[in-house]
Amino acid sequence: MARKSWVALVGAFALVTVGVTYVMGLWITPPDVFQGNLVRLIYVHPAVAWVAYLAYGVTSLSSLAYLWKKTRNYKWDLLAASSAEVGVVFTALTLITGSIWGRPTWGVWWTWDARLTTTALLLVLYLGYLALRRVSEDREQRAKRSAVAALIAFIDVPIVHQSVVWWKTLHQSATVFNADLNPKIHGEMAWTLLLGFLSFTVVYVWMVIKRYDIAKAQFKLEDQTIERAIKERVGTV
Amino acid sequence: MGTLIMTPESEVLDTSSRYTTDWKEIPGAKRRKKKIKRSAVAAIFVVVAALVFILYKGLSSALVYFYTAQQAVADKTHLGTSTFRMEGVVVPGTVQPTASGVNFSIRFDHTVVPVVEIGAPPQLFQPSVPVVVVGHFSSNASNVFLSDQIMVKHSANYVAAHPSRIKDPGGAS
Amino acid sequence: MNGFVEAGYIAVAAGLGSYSVWLTARSKKLNVAVVLTEDDEGKQHGNSNNDS
(Lines give C-alpha, C1' and ligand atoms only; values in the text may rest on other atoms or scores of the structure.)
Protein backbone atom coordinates (compact mmCIF):
# COMPACT_ATOMS: atom_id res chain seq x y z
CA MET A 1 0.00 0.00 0.00
CA ALA A 2 2.78 2.36 0.92
CA ARG A 3 4.44 1.58 -2.40
CA LYS A 4 1.25 2.31 -4.25
CA SER A 5 0.90 5.80 -2.82
CA TRP A 6 4.59 6.44 -3.43
CA VAL A 7 4.11 5.60 -7.11
CA ALA A 8 1.05 7.84 -7.24
CA LEU A 9 3.17 10.63 -5.78
CA VAL A 10 5.76 10.20 -8.55
CA GLY A 11 2.92 10.35 -11.07
CA ALA A 12 1.54 13.54 -9.57
CA PHE A 13 5.00 15.11 -9.51
CA ALA A 14 5.47 14.19 -13.18
CA LEU A 15 2.14 15.75 -14.08
CA VAL A 16 2.92 18.99 -12.23
CA THR A 17 6.45 19.40 -13.65
CA VAL A 18 5.28 18.70 -17.19
CA GLY A 19 2.47 21.20 -16.63
CA VAL A 20 4.95 23.86 -15.50
CA THR A 21 7.22 23.07 -18.47
CA TYR A 22 4.27 23.50 -20.82
CA VAL A 23 3.27 26.85 -19.33
CA MET A 24 6.88 28.09 -19.33
CA GLY A 25 7.53 26.79 -22.82
CA LEU A 26 4.33 28.01 -24.43
CA TRP A 27 3.79 31.36 -22.76
CA ILE A 28 6.47 32.58 -20.36
CA THR A 29 9.67 32.12 -22.36
CA PRO A 30 10.55 34.68 -25.05
CA PRO A 31 10.56 33.96 -28.79
CA ASP A 32 13.94 33.34 -30.43
CA VAL A 33 15.65 36.02 -32.49
CA PHE A 34 15.80 33.75 -35.55
CA GLN A 35 13.14 31.09 -35.05
CA GLY A 36 10.50 33.23 -33.40
CA ASN A 37 7.91 31.15 -31.58
CA LEU A 38 9.13 27.96 -33.21
CA VAL A 39 11.93 27.87 -30.65
CA ARG A 40 9.33 26.72 -28.11
CA LEU A 41 9.65 23.19 -29.46
CA ILE A 42 13.10 23.01 -27.89
CA TYR A 43 11.49 22.57 -24.48
CA VAL A 44 9.97 19.24 -25.50
CA HIS A 45 11.86 17.69 -28.43
CA PRO A 46 15.39 17.23 -26.97
CA ALA A 47 13.97 16.25 -23.56
CA VAL A 48 11.86 13.52 -25.10
CA ALA A 49 14.89 12.31 -27.08
CA TRP A 50 17.01 12.26 -23.91
CA VAL A 51 14.45 10.05 -22.17
CA ALA A 52 14.64 7.61 -25.06
CA TYR A 53 18.44 7.37 -24.55
CA LEU A 54 17.90 6.95 -20.81
CA ALA A 55 15.29 4.24 -21.32
CA TYR A 56 17.59 2.24 -23.59
CA GLY A 57 20.44 2.74 -21.14
CA VAL A 58 18.32 1.19 -18.39
CA THR A 59 17.34 -1.64 -20.76
CA SER A 60 21.02 -2.32 -21.46
CA LEU A 61 22.05 -2.32 -17.81
CA SER A 62 19.18 -4.63 -16.84
CA SER A 63 20.02 -6.91 -19.74
CA LEU A 64 23.61 -7.06 -18.52
CA ALA A 65 22.37 -7.82 -15.01
CA TYR A 66 20.33 -10.69 -16.42
CA LEU A 67 23.20 -12.07 -18.48
CA TRP A 68 25.63 -11.91 -15.57
CA LYS A 69 25.18 -15.19 -13.68
CA LYS A 70 25.64 -13.67 -10.23
CA THR A 71 22.70 -11.32 -10.65
CA ARG A 72 20.57 -13.44 -12.99
CA ASN A 73 16.92 -12.96 -12.23
CA TYR A 74 13.82 -12.69 -14.42
CA LYS A 75 13.14 -9.35 -12.75
CA TRP A 76 15.97 -7.82 -14.79
CA ASP A 77 14.49 -9.22 -17.98
CA LEU A 78 11.10 -7.74 -17.15
CA LEU A 79 12.64 -4.36 -16.28
CA ALA A 80 14.62 -4.37 -19.53
CA ALA A 81 11.46 -5.05 -21.53
CA SER A 82 9.46 -2.41 -19.64
CA SER A 83 12.08 0.27 -20.15
CA ALA A 84 12.43 -0.61 -23.84
CA GLU A 85 8.70 -0.24 -24.41
CA VAL A 86 8.65 3.17 -22.74
CA GLY A 87 11.74 4.04 -24.78
CA VAL A 88 9.91 3.19 -27.99
CA VAL A 89 7.07 5.55 -27.03
CA PHE A 90 9.59 8.35 -26.43
CA THR A 91 11.55 7.59 -29.61
CA ALA A 92 8.36 7.78 -31.65
CA LEU A 93 7.54 11.12 -30.01
CA THR A 94 11.07 12.32 -30.75
CA LEU A 95 10.55 11.60 -34.44
CA ILE A 96 7.08 13.17 -34.45
CA THR A 97 8.08 16.38 -32.66
CA GLY A 98 11.26 16.60 -34.74
CA SER A 99 9.24 16.31 -37.90
CA ILE A 100 6.81 18.98 -36.72
CA TRP A 101 9.77 21.25 -35.89
CA GLY A 102 11.56 20.48 -39.14
CA ARG A 103 8.72 21.44 -41.47
CA PRO A 104 8.59 25.17 -40.58
CA THR A 105 12.31 25.63 -39.77
CA TRP A 106 14.12 23.49 -42.34
CA GLY A 107 11.26 23.42 -44.82
CA VAL A 108 10.88 19.62 -44.89
CA TRP A 109 9.04 17.06 -42.74
CA TRP A 110 11.77 14.52 -43.23
CA THR A 111 15.19 14.18 -44.83
CA TRP A 112 17.66 11.29 -44.81
CA ASP A 113 20.52 12.95 -42.96
CA ALA A 114 22.58 10.97 -40.46
CA ARG A 115 20.74 12.15 -37.32
CA LEU A 116 17.28 11.40 -38.67
CA THR A 117 18.32 8.13 -40.26
CA THR A 118 20.01 6.78 -37.13
CA THR A 119 17.05 7.84 -34.99
CA ALA A 120 14.62 6.04 -37.28
CA LEU A 121 16.97 3.07 -37.02
CA LEU A 122 16.79 3.31 -33.23
CA LEU A 123 13.00 3.08 -33.26
CA VAL A 124 13.00 0.09 -35.59
CA LEU A 125 15.76 -1.71 -33.65
CA TYR A 126 13.80 -1.55 -30.40
CA LEU A 127 10.53 -2.41 -32.15
CA GLY A 128 12.47 -5.47 -33.30
CA TYR A 129 13.53 -6.12 -29.72
CA LEU A 130 9.90 -6.01 -28.58
CA ALA A 131 8.84 -8.25 -31.48
CA LEU A 132 11.62 -10.72 -30.67
CA ARG A 133 10.29 -10.99 -27.13
CA ARG A 134 7.02 -12.36 -28.51
CA VAL A 135 8.58 -15.08 -30.61
CA SER A 136 9.80 -17.47 -27.93
CA GLU A 137 7.58 -18.74 -25.15
CA ASP A 138 10.42 -20.28 -23.22
CA ARG A 139 11.25 -17.77 -20.50
CA GLU A 140 14.94 -18.44 -20.24
CA GLN A 141 15.45 -18.49 -23.98
CA ARG A 142 13.45 -15.29 -24.38
CA ALA A 143 15.34 -13.52 -21.61
CA LYS A 144 18.77 -14.51 -22.94
CA ARG A 145 17.99 -13.76 -26.56
CA SER A 146 16.41 -10.39 -25.87
CA ALA A 147 19.20 -9.37 -23.49
CA VAL A 148 21.75 -9.93 -26.25
CA ALA A 149 19.50 -8.14 -28.77
CA ALA A 150 19.12 -5.18 -26.40
CA LEU A 151 22.88 -4.82 -26.08
CA ILE A 152 23.33 -4.93 -29.86
CA ALA A 153 20.58 -2.34 -30.39
CA PHE A 154 22.17 -0.01 -27.85
CA ILE A 155 25.19 0.45 -30.13
CA ASP A 156 23.00 2.86 -32.10
CA VAL A 157 22.46 5.22 -29.15
CA PRO A 158 25.95 6.80 -29.10
CA ILE A 159 25.86 6.82 -32.90
CA VAL A 160 22.63 8.85 -32.85
CA HIS A 161 24.10 11.32 -30.38
CA GLN A 162 27.39 11.73 -32.24
CA SER A 163 25.85 11.65 -35.72
CA VAL A 164 25.76 15.45 -35.91
CA VAL A 165 29.51 15.51 -35.22
CA TRP A 166 30.61 12.55 -37.32
CA TRP A 167 28.64 13.36 -40.46
CA LYS A 168 27.39 16.45 -42.27
CA THR A 169 23.76 16.79 -41.28
CA LEU A 170 20.85 19.15 -41.70
CA HIS A 171 20.12 18.70 -38.01
CA GLN A 172 21.94 21.16 -35.76
CA SER A 173 24.56 20.06 -33.25
CA ALA A 174 23.90 19.71 -29.53
CA THR A 175 22.92 22.86 -27.66
CA VAL A 176 23.84 21.64 -24.18
CA PHE A 177 25.66 18.29 -24.41
CA ASN A 178 28.20 19.47 -26.99
CA ALA A 179 31.91 18.71 -27.04
CA ASP A 180 33.02 21.59 -24.81
CA LEU A 181 29.87 21.36 -22.65
CA ASN A 182 29.23 24.99 -23.41
CA PRO A 183 25.48 25.61 -23.45
CA LYS A 184 24.32 27.83 -26.30
CA ILE A 185 21.13 28.85 -24.56
CA HIS A 186 20.75 31.14 -21.57
CA GLY A 187 18.52 32.59 -18.91
CA GLU A 188 14.87 31.64 -18.77
CA MET A 189 15.16 29.61 -21.93
CA ALA A 190 17.93 27.48 -20.41
CA TRP A 191 16.01 26.93 -17.18
CA THR A 192 12.90 25.86 -19.02
CA LEU A 193 14.97 23.50 -21.16
CA LEU A 194 16.41 21.97 -17.99
CA LEU A 195 12.95 21.71 -16.43
CA GLY A 196 11.77 19.89 -19.56
CA PHE A 197 14.56 17.34 -19.18
CA LEU A 198 13.67 16.84 -15.52
CA SER A 199 9.91 16.62 -16.00
CA PHE A 200 10.01 14.07 -18.82
CA THR A 201 12.53 12.03 -16.84
CA VAL A 202 10.03 11.86 -13.97
CA VAL A 203 7.35 10.82 -16.46
CA TYR A 204 9.71 8.05 -17.57
CA VAL A 205 10.26 6.86 -13.99
CA TRP A 206 6.53 6.65 -13.38
CA MET A 207 5.89 4.84 -16.65
CA VAL A 208 8.61 2.28 -16.08
CA ILE A 209 7.32 1.50 -12.59
CA LYS A 210 3.81 1.01 -13.95
CA ARG A 211 4.98 -1.04 -16.92
CA TYR A 212 7.20 -3.19 -14.72
CA ASP A 213 4.30 -3.86 -12.34
CA ILE A 214 2.22 -5.00 -15.30
CA ALA A 215 5.00 -7.27 -16.54
CA LYS A 216 5.40 -8.75 -13.06
CA ALA A 217 1.68 -9.34 -12.67
CA GLN A 218 1.55 -11.03 -16.07
CA PHE A 219 4.49 -13.21 -15.11
CA LYS A 220 2.75 -14.22 -11.89
CA LEU A 221 -0.51 -14.88 -13.68
CA GLU A 222 1.29 -17.11 -16.18
CA ASP A 223 2.75 -19.12 -13.30
CA GLN A 224 -0.64 -19.47 -11.69
CA THR A 225 -2.30 -20.55 -14.92
CA ILE A 226 0.38 -23.17 -15.55
CA GLU A 227 0.17 -24.48 -11.99
CA ARG A 228 -3.55 -24.69 -12.19
CA ALA A 229 -3.50 -26.40 -15.57
CA ILE A 230 -1.07 -29.02 -14.21
CA LYS A 231 -3.26 -29.60 -11.18
CA GLU A 232 -6.38 -29.94 -13.30
CA ARG A 233 -4.67 -32.55 -15.43
CA VAL A 234 -2.81 -34.52 -12.80
CA GLY A 235 -5.13 -33.88 -9.90
CA THR A 236 -3.93 -33.18 -6.39
CA VAL A 237 -0.78 -35.18 -5.75
CA MET B 1 6.80 -43.26 -46.45
CA GLY B 2 6.17 -42.14 -42.92
CA THR B 3 3.36 -44.62 -42.44
CA LEU B 4 5.39 -47.68 -43.35
CA ILE B 5 8.74 -46.99 -41.75
CA MET B 6 8.58 -46.14 -38.09
CA THR B 7 11.47 -43.88 -37.22
CA PRO B 8 12.41 -43.46 -33.56
CA GLU B 9 11.19 -39.89 -33.72
CA SER B 10 7.70 -40.73 -34.83
CA GLU B 11 7.54 -43.39 -32.14
CA VAL B 12 8.29 -40.82 -29.49
CA LEU B 13 5.67 -38.53 -30.94
CA ASP B 14 3.17 -41.35 -30.94
CA THR B 15 3.66 -42.29 -27.30
CA SER B 16 3.46 -38.73 -26.14
CA SER B 17 0.21 -38.21 -27.94
CA ARG B 18 -1.17 -41.29 -26.18
CA TYR B 19 -0.57 -39.65 -22.86
CA THR B 20 -1.90 -36.30 -23.88
CA THR B 21 -5.25 -37.72 -24.97
CA ASP B 22 -5.96 -38.58 -21.33
CA TRP B 23 -5.30 -35.00 -20.31
CA LYS B 24 -7.92 -32.40 -19.92
CA GLU B 25 -7.55 -29.88 -22.74
CA ILE B 26 -7.77 -26.19 -22.11
CA PRO B 27 -10.14 -25.10 -24.88
CA GLY B 28 -8.47 -22.98 -27.52
CA ALA B 29 -5.19 -22.79 -25.63
CA LYS B 30 -2.94 -24.39 -28.23
CA ARG B 31 -4.36 -22.57 -31.19
CA ARG B 32 -4.00 -19.20 -29.51
CA LYS B 33 -0.34 -19.79 -28.71
CA LYS B 34 0.42 -20.59 -32.34
CA LYS B 35 -1.35 -17.47 -33.51
CA ILE B 36 0.71 -15.20 -31.26
CA LYS B 37 3.92 -16.74 -32.52
CA ARG B 38 2.99 -16.32 -36.15
CA SER B 39 2.18 -12.65 -35.68
CA ALA B 40 5.48 -12.19 -33.85
CA VAL B 41 7.40 -13.71 -36.75
CA ALA B 42 5.46 -11.46 -39.15
CA ALA B 43 6.35 -8.45 -36.98
CA ILE B 44 10.03 -9.41 -37.08
CA PHE B 45 9.79 -9.72 -40.84
CA VAL B 46 8.36 -6.20 -41.11
CA VAL B 47 11.06 -4.88 -38.77
CA VAL B 48 13.84 -6.48 -40.83
CA ALA B 49 12.36 -5.01 -44.01
CA ALA B 50 12.28 -1.57 -42.37
CA LEU B 51 15.87 -2.04 -41.18
CA VAL B 52 17.04 -2.87 -44.67
CA PHE B 53 15.21 0.15 -46.08
CA ILE B 54 16.66 2.54 -43.49
CA LEU B 55 20.18 1.17 -43.89
CA TYR B 56 19.89 1.55 -47.67
CA LYS B 57 18.72 5.14 -47.26
CA GLY B 58 21.43 5.81 -44.70
CA LEU B 59 24.23 4.43 -46.82
CA SER B 60 23.06 6.16 -49.99
CA SER B 61 22.14 9.52 -48.47
CA ALA B 62 23.24 10.10 -44.88
CA LEU B 63 26.96 9.33 -45.19
CA VAL B 64 27.56 12.21 -47.60
CA TYR B 65 24.46 14.26 -46.94
CA PHE B 66 25.75 17.35 -48.75
CA TYR B 67 28.77 18.83 -50.45
CA THR B 68 29.78 22.30 -49.39
CA ALA B 69 29.64 24.84 -52.21
CA GLN B 70 33.42 24.76 -52.22
CA GLN B 71 33.59 20.96 -52.52
CA ALA B 72 30.92 20.99 -55.22
CA VAL B 73 32.83 23.43 -57.39
CA ALA B 74 36.10 21.57 -56.84
CA ASP B 75 34.41 18.29 -57.74
CA LYS B 76 32.47 19.74 -60.64
CA THR B 77 33.95 17.54 -63.37
CA HIS B 78 33.05 14.48 -61.35
CA LEU B 79 29.57 15.68 -60.32
CA GLY B 80 28.56 16.86 -63.81
CA THR B 81 24.83 17.52 -63.93
CA SER B 82 23.90 14.83 -61.40
CA THR B 83 21.56 15.71 -58.52
CA PHE B 84 23.04 16.28 -55.08
CA ARG B 85 22.73 18.49 -51.99
CA MET B 86 24.93 21.56 -51.63
CA GLU B 87 25.50 23.68 -48.53
CA GLY B 88 26.49 27.30 -48.13
CA VAL B 89 25.51 30.59 -46.55
CA VAL B 90 23.09 32.83 -48.44
CA VAL B 91 25.11 35.85 -49.60
CA PRO B 92 23.41 39.08 -48.45
CA GLY B 93 22.24 41.30 -51.29
CA THR B 94 21.92 38.48 -53.82
CA VAL B 95 18.37 37.33 -53.00
CA GLN B 96 16.01 38.19 -55.86
CA PRO B 97 12.48 36.78 -55.96
CA THR B 98 11.43 35.57 -59.42
CA ALA B 99 8.14 34.44 -60.95
CA SER B 100 8.95 30.78 -60.35
CA GLY B 101 10.92 31.05 -57.12
CA VAL B 102 14.02 32.93 -56.05
CA ASN B 103 17.55 33.62 -57.30
CA PHE B 104 20.46 33.99 -54.89
CA SER B 105 24.05 33.00 -54.30
CA ILE B 106 25.54 30.81 -51.60
CA ARG B 107 29.06 31.02 -50.32
CA PHE B 108 31.38 28.60 -48.55
CA ASP B 109 34.73 30.12 -47.64
CA HIS B 110 35.61 32.06 -50.79
CA THR B 111 33.63 29.99 -53.26
CA VAL B 112 30.38 31.57 -54.42
CA VAL B 113 27.77 29.60 -56.38
CA PRO B 114 24.73 31.27 -58.00
CA VAL B 115 21.51 29.35 -57.35
CA VAL B 116 18.28 29.44 -59.34
CA GLU B 117 15.51 28.05 -57.16
CA ILE B 118 12.24 26.84 -58.66
CA GLY B 119 9.62 26.77 -55.94
CA ALA B 120 8.84 28.65 -52.76
CA PRO B 121 11.65 28.93 -50.20
CA PRO B 122 10.86 27.95 -46.57
CA GLN B 123 9.68 30.71 -44.24
CA LEU B 124 12.98 31.02 -42.37
CA PHE B 125 14.94 31.52 -45.63
CA GLN B 126 16.81 34.84 -45.46
CA PRO B 127 20.24 36.36 -46.17
CA SER B 128 23.20 35.13 -44.09
CA VAL B 129 21.61 31.82 -43.04
CA PRO B 130 23.23 28.48 -43.94
CA VAL B 131 21.08 26.53 -46.39
CA VAL B 132 21.17 23.18 -48.13
CA VAL B 133 19.92 23.28 -51.72
CA VAL B 134 18.89 20.19 -53.67
CA GLY B 135 19.48 20.14 -57.40
CA HIS B 136 22.24 20.08 -60.03
CA PHE B 137 24.58 22.31 -62.04
CA SER B 138 22.79 23.64 -65.11
CA SER B 139 25.49 22.38 -67.48
CA ASN B 140 29.06 21.12 -67.47
CA ALA B 141 30.26 24.56 -68.51
CA SER B 142 28.19 26.68 -66.16
CA ASN B 143 28.51 27.20 -62.42
CA VAL B 144 24.81 28.00 -62.00
CA PHE B 145 23.05 25.56 -59.70
CA LEU B 146 19.43 24.71 -60.51
CA SER B 147 17.59 23.86 -57.29
CA ASP B 148 14.08 22.63 -56.61
CA GLN B 149 14.31 22.60 -52.83
CA ILE B 150 15.89 24.78 -50.16
CA MET B 151 16.38 23.55 -46.62
CA VAL B 152 17.35 26.04 -43.93
CA LYS B 153 20.11 24.72 -41.70
CA HIS B 154 19.65 26.63 -38.46
CA SER B 155 22.25 26.73 -35.73
CA ALA B 156 22.08 25.33 -32.20
CA ASN B 157 22.22 28.82 -30.69
CA TYR B 158 19.11 30.19 -29.12
CA VAL B 159 18.82 33.87 -28.24
CA ALA B 160 15.80 35.64 -26.82
CA ALA B 161 14.32 37.96 -29.43
CA HIS B 162 13.19 40.44 -26.81
CA PRO B 163 15.49 40.48 -23.80
CA SER B 164 13.16 42.95 -22.12
CA ARG B 165 10.44 40.32 -22.49
CA ILE B 166 7.87 42.28 -24.40
CA LYS B 167 5.18 39.81 -25.36
CA ASP B 168 5.18 39.08 -29.07
CA PRO B 169 2.31 36.74 -29.79
CA GLY B 170 2.83 37.01 -33.53
CA GLY B 171 6.54 36.24 -33.43
CA ALA B 172 8.74 36.07 -36.48
CA SER B 173 6.83 33.05 -37.69
CA MET C 1 1.13 30.95 -32.20
CA ASN C 2 1.68 29.24 -35.53
CA GLY C 3 0.13 25.81 -35.40
CA PHE C 4 3.39 23.85 -35.47
CA VAL C 5 4.31 24.63 -31.87
CA GLU C 6 0.85 23.69 -30.64
CA ALA C 7 0.89 20.52 -32.74
CA GLY C 8 4.21 19.46 -31.20
CA TYR C 9 3.06 20.05 -27.64
CA ILE C 10 -0.25 18.33 -28.30
CA ALA C 11 1.48 15.34 -29.90
CA VAL C 12 3.63 14.83 -26.79
CA ALA C 13 0.67 15.25 -24.44
CA ALA C 14 -1.50 12.90 -26.48
CA GLY C 15 1.22 10.28 -26.88
CA LEU C 16 2.29 10.18 -23.25
CA GLY C 17 -1.28 10.66 -22.05
CA SER C 18 -2.74 7.75 -23.97
CA TYR C 19 0.13 5.48 -22.99
CA SER C 20 -0.40 6.45 -19.32
CA VAL C 21 -4.10 5.70 -19.55
CA TRP C 22 -3.33 2.31 -21.08
CA LEU C 23 -0.78 1.58 -18.33
CA THR C 24 -3.24 2.49 -15.57
CA ALA C 25 -6.12 0.50 -17.03
CA ARG C 26 -3.99 -2.56 -17.70
CA SER C 27 -2.38 -2.61 -14.27
CA LYS C 28 -5.75 -2.32 -12.57
CA LYS C 29 -7.17 -5.18 -14.61
CA LEU C 30 -4.14 -7.40 -14.04
CA ASN C 31 -4.01 -6.74 -10.31
CA VAL C 32 -7.64 -7.81 -10.04
CA ALA C 33 -6.88 -10.97 -12.05
CA VAL C 34 -3.88 -11.88 -9.92
CA VAL C 35 -5.79 -11.39 -6.68
CA LEU C 36 -8.70 -13.48 -8.02
CA THR C 37 -6.51 -16.41 -9.01
CA GLU C 38 -4.65 -16.20 -5.74
CA ASP C 39 -7.93 -16.52 -3.85
CA ASP C 40 -9.02 -19.30 -6.12
CA GLU C 41 -5.83 -21.28 -5.58
CA GLY C 42 -5.93 -20.71 -1.88
CA LYS C 43 -9.43 -22.19 -1.58
CA GLN C 44 -8.95 -25.11 -3.92
CA HIS C 45 -5.48 -26.41 -3.25
CA GLY C 46 -3.97 -24.67 -0.29
CA ASN C 47 -0.30 -23.78 -0.54
CA SER C 48 0.66 -24.72 -4.06
CA ASN C 49 4.39 -24.32 -3.60
CA ASN C 50 4.69 -27.50 -1.55
CA ASP C 51 3.62 -29.65 -4.46
CA SER C 52 6.55 -29.11 -6.76
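I began with the pair A:Arg211 and A:Glu85, whose side chains meet in a salt bridge, 2.9 Å from N to O. A:Arg211 sits in helix H7 of chain A and A:Glu85 in helix H3 (residues 74-105), so the pair ties together parts 126 residues apart in sequence. I looked up accessibility for both: A:Arg211 counts as buried at 12%, and A:Glu85 counts as buried at 17%. I note that the model is predicted.

Next I listed the salt bridges over all chains and found six. One of them joins A:Arg3 to A:Asp213, with the closest N and O atoms 3.0 Å apart. A:Arg3 belongs to helix H1 (residues 2-28) and A:Asp213 to helix H7 (residues 187-234), so this pair ties together parts of chain A that are 210 residues apart in sequence. A:Arg3 is partly exposed, at 41% relative accessible area.

I then checked A:Lys144 and A:Glu140, which form a salt bridge at 3.5 Å between the closest N and O atoms. Both lie in helix H5 (residues 139-154) of chain A, four residues apart, about one turn of the helix. A:Lys144 is partly exposed at 34%, and A:Glu140 is partly exposed at 38%. I also noted a network of salt bridges linking A:Arg139, A:Glu222 and A:Asp223.

Last, I turned to chains C and A. I found 31 residues of chain C in contact with 38 of chain A. The two chains bury about 3100 Å² between them, 71% of it on carbon and sulfur atoms. C:Phe4, C:Tyr9 and C:Tyr19 supply 24% of the area that chain C buries there, more than any other three residues. I counted zero salt bridges between chain C and chain A.

Definitions and conventions. Residues are numbered from 1 along each chain as its sequence is written. Chains are lettered from A and ligands numbered from 1 in the order in which they are written. This is a predicted model: local features need pLDDT of at least 70, side-chain atom pairs count only at pLDDT 80 or more; totals for chains, interfaces and linings use all residues. Side-chain values use heavy atoms; hydrogens and water are left out. Contact means heavy atoms within 4.5 Å. Buried area is the accessible area (1.4 Å probe) that two parts lose on being put together, summed over both. A salt bridge is a side-chain nitrogen of Lys or Arg within 4 Å of a carboxyl oxygen of Asp or Glu. Helices (H or I, at least four residues) and strands (E, at least two) are DSSP runs, numbered from the N terminus. Buried means under 20% relative accessible area, exposed over 50%, partly exposed in between (1.4 Å probe, protein chains only).
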